[in-house]
Amino acid sequence: MNDEDYMREALLLGRQAWAVGEVPVGAVVVKEGAIVGRGFNVPISSSDPTAHAEIRALRDAAANLGNYRLPGCTLYVTIEPCVMCAGAIMHARIARVVYGAADAKTGACGSVVDLFAEERLNHHAEVTAGVMAAECGGMMSEFFAERRGKSNAH
C-alpha cells in the first residue's frame, strides 16, 4: 500500500465522524505496512476537547503495540494537525506525518506555525503535505456547507 491507500482509510474514518455529526477528520497509524491505530473526531459527542482523530489514532496504536512511544510509525490524517495533535505526535515519537488538506486556521505543520521545523524542540517528524488534498479538503468543505445550510434553514 502507498500514501494514497492509507489516506483513503483515513478518509473513510472521516466519513464516520461526519455520520455522527462531528467534523470529518480521520487518522490512521501505520507500522511496517500495517494499520495499527485508527481514529476519527469525536470531541463534541464525547465532551472531550482532546478527542481529535490524531489523538484517538495514537491512543489506539499505543494500546495495540503496548507502548506509548511509536517509533517507526507514520500517521496519516485528512487535515493538517493542530498544535495539540502535533505535540502528541512528537511525544509519541512518530517518524512521519502525512496529511491531506492544509488548515489555514489551526495548522501546526506550516500553515500557521511549523512545530516540526522548530529546532528547539526535541523531536522532528518528517512531514508530507497535500496527499489527496482535494478529496480531504472537499470533504471538509461539503461538511461545513451542509451545516451552514441547516443553520440557515431555521
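This is a predicted model: local features need pLDDT of at least 70, side-chain atom pairs count only at pLDDT 80 or more; totals for chains, interfaces and linings use all residues.
Residues are numbered from 1 along each chain as its sequence is written, and side-chain values use heavy atoms, with hydrogens and water left out.

**Exercise 1. Helix α1**

Solution: 
- Step 1. Helices are DSSP runs of H or I with at least four residues, strands are runs of E with at least two, and both are numbered from the N terminus.
- Step 2. Buried means under 20% relative accessible area, exposed means over 50%, and partly exposed is in between (1.4 Å probe, protein chains only). In α1 the buried residues are Asp3, Tyr6, Met7, Ala10, Leu11, Leu13, Gly14, Ala17 and Trp18.

**Exercise 2. The ends of the helix**

Task: Find which residue caps the N-terminal end of α1, and which residue just after α1 takes a positive phi.

Solution: 
- Step 1. Asn2 is the cap: one of its side-chain oxygens lies 3.0 Å from the backbone nitrogen of Glu4.
- Step 2. Just past the helix, Gly21 has a positive phi of about 85 degrees.

**Exercise 3. Salt bridges**

Task: How many salt bridges are there, and which residues are linked in a network?

Solution: 
- Step 1. Apply the rule: a side-chain nitrogen of Lys or Arg must be within 4 Å of a carboxyl oxygen of Asp or Glu. The count comes to four.
- Step 2. Start inside the helix. Arg8 pairs with Asp5, with the closest N and O atoms 3.1 Å apart. Both residues belong to α1 and sit three residues apart, about one turn of the helix. An α-helix has 3.6 residues a turn, so residues three or four places apart point the same way.
- Step 3. Next, Glu126 pairs with Arg96 at 3.6 Å between the closest N and O atoms. This pair links distant parts of the chain, with Glu126 in strand β5 and Arg96 in strand β4, 30 residues apart. Arg96 counts as buried because its relative accessibility is 18%, while Glu126, at 48%, is partly exposed.
- Step 4. Asp3, Arg96 and Glu126 form a network of salt bridges. Asp3 lies in helix α1 and is buried, at 17% relative accessibility.
- Step 5. Finally, Arg120 pairs with Glu118, the closest N and O atoms being 2.6 Å apart. Arg120 is exposed, at 75%, whereas Glu118 is partly exposed, at 24%.

**Exercise 4. A distance in sequence and in space**

Task: How far apart are Asp3 and Val131 in sequence and in space?

Solution: 
- Step 1. Along the sequence, Asp3 and Val131 are 128 residues apart.
- Step 2. In space, their C-alpha atoms are 7.1 Å apart.

Key
A polar contact is a pair of N or O atoms within 3.5 Å; within protein, one must be able to donate a hydrogen and the other to accept it, and residues adjacent in sequence count only if both atoms are side-chain atoms.
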